[in-house]
Amino acid sequence: MNGPSLRRLKLYAAGRLKLKRYFAHCGDGRSQPRLPAQALLWAMLAGQFLRQTAFHAVEAIARTARLRKTGIGQRFSDDALGYFTEHADPAPTRQALIEVLHRAKRNKTFQDSPSIGLAVDGTTVGRCSQEVCRWCRPYRNDKREIVGYRHHLAMVSVVGGGITLPFDVEAYGPKDSEYAAGQRLLRRVIPSLGARFADYVVVDAGFATNTFLHLCDELALPVVARLKDNLPELSAAVEKRFSGQRPHRVVKDGKTRIEIWDADDFDPWETLRWETVRVLRYRQHQPDGTVTQADWFTNFSKRQVVSLALYRMAKSRWEIENQGFNDCKTYQGLEHICHHHPNSLLLCWLLTLLALVISRLYRLRYLHRGTHPPISACNLVRLLWIDLGGPTPCASG
Ligand SMILES: [Zn+2]
């Protein structure tokens, strides 16, 4: 059979995506390694591709499947993965993700899209009952009593380019915040990506503060941010003006009718170092009568970005929710704590993203040549299992 297989996926990653060097030098920090890091790293990625991400499941794949077919090449215990991930340097994995994005852009992966965005947002993962690591954040009930601990991270993803590629995370502990982690994340990834990689950053209202907006100015990255009541002056001015006006533009997006209001002469609030603020309001009318409305603000001028393009940039924020957090949690085990150690958690999160990026590029760009529709993520998992000769424990998706 000439269809997808773990071995072909490995050849694709090592060859087309040029990850061979990373596979050989993935940041192994063990003092006296008995097992090759490359085998453990590929085993964890293979577990992601097969949607079997718990360490004991990865170990079982290496133990029971035909090793030659998995590309793992070595049997090991799940303790080995714990020890490996505790000591691995996350920097090479982060760099590998950045290099894959550069390669994807050079290979015209995003060529059908007029602009490429970055979405930054935070999410909750890994719940536990005891405080174990420095990133455990207490979770309280209505009486403010601690009822457990959770982990939080900020994630950054390529959005608006026709393929969603989440590529880095920044964890934050009890005395930290999503907002601060999001800033650290942007400060790290923009210099590595290069200022010209992305055309904009899109964020929810929680990031719409002077510090974050000025950081984006410093990084030469235009911002598209949700406007909610946390900016009461601007919200009131927008409501006062737009509520009395007919929509400036009405467009059809599939079966949805969209009314758009767009004005670029709102006053910046006192401490914002922008000359003016542009606000876009859209009201979507679904065929079933559902109406949704949202306001967004930006420092793009109307000359730079027309109303409909700005509307699409705003909507691209949903990609990090749906194809980022949702897919990572539902199918890739992002919420599961494989080994409760901060470095191990971080490495598992980063490898989740790397596996997702490799499999999406493989499925949606490499396999999807010609006019046939792309195979679904679930079908790819099913085909990988069939190649291994095993049953297919695949949920839909
Ligand atoms: Zn913890």
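Q: Is Val100 buried or exposed?
A: In this predicted model, Val100 belongs to helix α7, residues 91–106. A residue is buried if 20 or more other C-beta atoms lie within 10 Å of its own. Val100 has 22 C-beta neighbours inside 10 Å, so the class is buried.

Q: With which residues is Val100 in contact, leaving aside its neighbours within four places in sequence?
A: Val100 and Leu19 are 81 residues apart in sequence, with 8.0 Å from C-alpha to C-alpha. A contact, however, is counted between C-beta atoms placed from the backbone, within 7 Å. Leaving aside neighbours within four places in sequence, the contacts of Val100 are Leu17 and Val357.

Q: Which residues is Val120 in contact with, leaving aside its neighbours within four places in sequence?
A: Val120 is one of the residues that touch the most other members of the largest nonpolar core. Once neighbours within four places in sequence are set aside, the contacts of Val120 are Ala154, Val156, Gly182, Leu185, Leu186, Val201, Val203 and Phe207.

Q: How are α6 and α13 oriented to each other?
A: The axes of α6 (residues 78–87) and α13 come within 7 Å and cross at roughly 95 degrees. On the α6 side the contact is made by Gly82, Thr85 and Glu86, and on the α13 side by Asn343, Ser344, Leu347 and Cys348. Angles of 65 to 115 degrees count as roughly perpendicular. The orientation of α6 and α13 is therefore roughly perpendicular.

Q: Which residues of α3 and α4 make the contact between these helices?
A: The axes of α3 and α4 are 9 Å apart, at an angle of about 105 degrees. The two helices are therefore roughly perpendicular to each other. The contact is made by Ala43, Met44, Ala46 and Gly47 of α3 and, from α4, Ala57, Val58, Ile61 and Ala62.

Q: Is Arg51 buried or exposed?
A: Arg51 sits in the loop between α3 and α4 (55–64). Its phi is positive, near 60 degrees, in a residue other than glycine. There are 22 other C-beta atoms within 10 Å of Arg51, so the class is buried.

Q: Is Arg144 buried or exposed?
A: Arg144 also has a positive phi, near 70 degrees. It is found in the loop between β2 (137–140) and β3 (146–159). With 7 C-beta neighbours inside 10 Å, Arg144 falls in the class exposed.

Q: Which helices do the buried residues of α1 pack against?
A: In α1 (residues 6–16), the buried residues are Leu6, Leu9, Lys10 and Ala13. Seen down the axis, they fall within an arc of 100 degrees, so they line one face of the helix. After α1 comes Lys18, with a positive phi near 60 degrees. The partners of the buried residues are α3 (37–49), α5 (67–70), α13 and α14 (377–388).

Q: Which strands do the buried residues of α11 pack against?
A: Helix α11 (residues 307–315) has the buried residues Leu310, Tyr311, Met313 and Ala314. They cover an arc of only 160 degrees around the axis, which puts them on the same side of α11. The strands they pack against are β1 (117–128), β5 (200–203), β6 (223–227), β8 (256–266), β9 (277–285) and β10 (291–298).

Q: What is the radius of gyration of the protein?
A: The protein has 14 helices and 10 strands, and buried residues make up 41% of its 397 residues. Its C-alpha atoms fill a box of roughly 70 × 55 × 40 Å along the principal axes. A compact globule with 397 residues would have a radius of gyration near 21 Å, which agrees with the value for the protein, 23 Å.

Definitions and conventions: Residues numbered from 1 in each chain as written. Predicted model: local features only at pLDDT ≥ 70, side-chain atom pairs only at ≥ 80, totals over all residues. Buried ≥ 20, exposed ≤ 12 C-beta atoms within 10 Å, placed from the backbone. Helix = DSSP H or I, 4+ residues; strand = E, 2+ residues; numbered from the N terminus. Arc of directions from axis to C-beta. Contact = placed C-beta atoms within 7 Å. Core = buried A, V, L, I, M, F, W, Y, C linked by C-beta atoms within 7 Å. Rg over C-alpha atoms; globule rule 2.2 N^0.38 Å. Axes fitted to C-alpha atoms, helices over the stretch in contact; angles between N-to-C directions. Parallel < 35°, antiparallel > 145°, perpendicular 65-115°, else oblique.
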